[in-house]
Amino acid sequence: MKNFTIYLFLLVFLFVTKMVGQETFENKAKTIAVNIENITNEEKAALKKEVDEVNNQLVEGTISKEEAEKKKKEFAEKRARNIENRVAVEQEKLQDLVQEKVDGKVNYNKEKRGTVLLIGTGSDSIRQHETEIKIPAMKVYNGQDDKVKRESKRTTSQFVFAMGLNSTMVDGKLQDSNYDFIGSHFYEWGLTLNSRILNDNNLLHAKYGLSLMYNNLRPTDNRSFVVNGDQTDLVTNPIHLKESRFRNVYLVAPVHLEFDFSKDGNYDGKSYFRTHKGFRMGFGGYAGINVKSKQILKFEDNDYKTTQKTKGDYNVNNFIYGLSSYIGYKEISLYLKYDLNPIFKNNAVDENNISLGIRFDFN
């Protein structure tokens, strides 16, 4: 979980710092006006300096009065051309800006009204000049137009996080005597895409993505896993254990058929489809590969607190597949998943992992 927390923090930090507010039409026009004023002042200052030098030469007698007037005239004409040419560039920028405004490419706002940071669901609407940053979902909306346009797309994205209790089943029976029911837990986090299946109906969605699953088992009665050839046995450890935990990490691709009963939104008198705004339920499964298996044992050795972490194969199945479902409201759901293949490859007794918890789909 420590690595997950660090990774999530980095994602949020990079995503938030990347967000830059959109410049308004007035700000861009004001910048061009300031540039024109600076050009004029720069050329006038340069002309004054040149004229002063000519006057000094006239006083020193190095040039005649006629030569001095001629030079002043040449310098004035030169600076006038410079002003004309440089201002023409800025005027062209202004014309392009006006055309962009006509084409709707520039946000014609008089001011920005601030930034809103959201940890939870938040409001369905924001002010037109406001920027909304949804931290769990890692999304930034610049005004209500942008929010409606992106939320009403046929395919949207979500950041998924789930956690809860973990155990195994043998012949349909929960192995709660072998594993600490409260201490054994699972975590899952990943990214999903949610696509509306029907063009003119918002009920059915295909939900698919990529996730990391962490399945933890805490054996009871001072036991730990020991590899005996192609068998992995749960045996009593000769050392008194403060903690015994066995973790499998999987990279999986979950796929669900989601029923979304969210009501349609309304903006500027027009209705649009929304997701994750009402009651939802999904049915599907997942398949993937084992990334890592690790056993963690904590004990005291001669009054020294010791933590032993052992990574290895443990005869764990390299491939995983199973069924999963969830039912909930808005972003929060009750989540159940069950591995159809056993944890270990060749054990005499097949144990299948089962998890029950809470799932968050940050849209």
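A residue is counted as buried when its relative accessible area is under 20%, as exposed when that area is over 50%, and as partly exposed in between. By this criterion Asp 180 is partly exposed, because its relative accessibility is 34%. The structure in which this residue is described is a predicted model. Asp 180 is located in the loop that links strand E5 (173-174) to strand E6 (185-196). When residues up to four places away in sequence are set aside, Asp 180 makes contact with Arg 218 and Thr 220. The C-alpha atom of Asp 180 lies 6.2 Å from that of Pro 219, although 39 residues separate the two along the chain.

The protein chain as a whole contains 4 helices and 17 strands. Of its 363 residues, 40% are buried.

The mean pLDDT is 83, and 78% of the residues reach a score of at least 70. Strand E16 (residues 332-339) has the highest confidence, at 97, whereas helix H1 (residues 2-18) has the lowest, with a mean of 46.

Strands E8 and E9 form an antiparallel pair with 6 bridges. Within this pairing, Ser 224 is placed opposite Val 235 of E9. The hairpin formed by E8 and E9 has 2 residues between the strands, and Gly 229 in this hairpin adopts a positive phi near 65°.

Strand E8 (223-228) and strand E9 (231-236) each provide at least two residues to the lining of the second largest pocket. The contribution of E9, 4 residues, is the largest share of that lining. In total, 14 residues line the second largest pocket, and those nearest its centre are Thr 232, Leu 234, Asn 347, Val 349 and Glu 351. The lining is made up of 6 nonpolar, 5 polar and 3 charged residues. The space within the second largest pocket amounts to about 170 Å³.

Technical notes. Residues numbered from 1 in each chain as written. Predicted model: local features only at pLDDT ≥ 70, side-chain atom pairs only at ≥ 80, totals over all residues. Heavy atoms only, no water. 1 Å grid on protein atoms, 1.4 Å probe; cavity = no way out; pocket = protein on both sides within 12 Å on 5 of 7 lines; lining within 4 Å. Points joined across faces, edges and corners; volume = space filled by probe spheres on them. Nonpolar A, V, L, I, M, F, W, Y, C, P; charged D, E, K, R; others polar. pLDDT = per-residue confidence, 0-100. Pairing = 2+ DSSP bridges. Buried < 20%, exposed > 50% of the residue type's maximum accessible area, 1.4 Å probe, protein only. Contact = heavy atoms within 4.5 Å.
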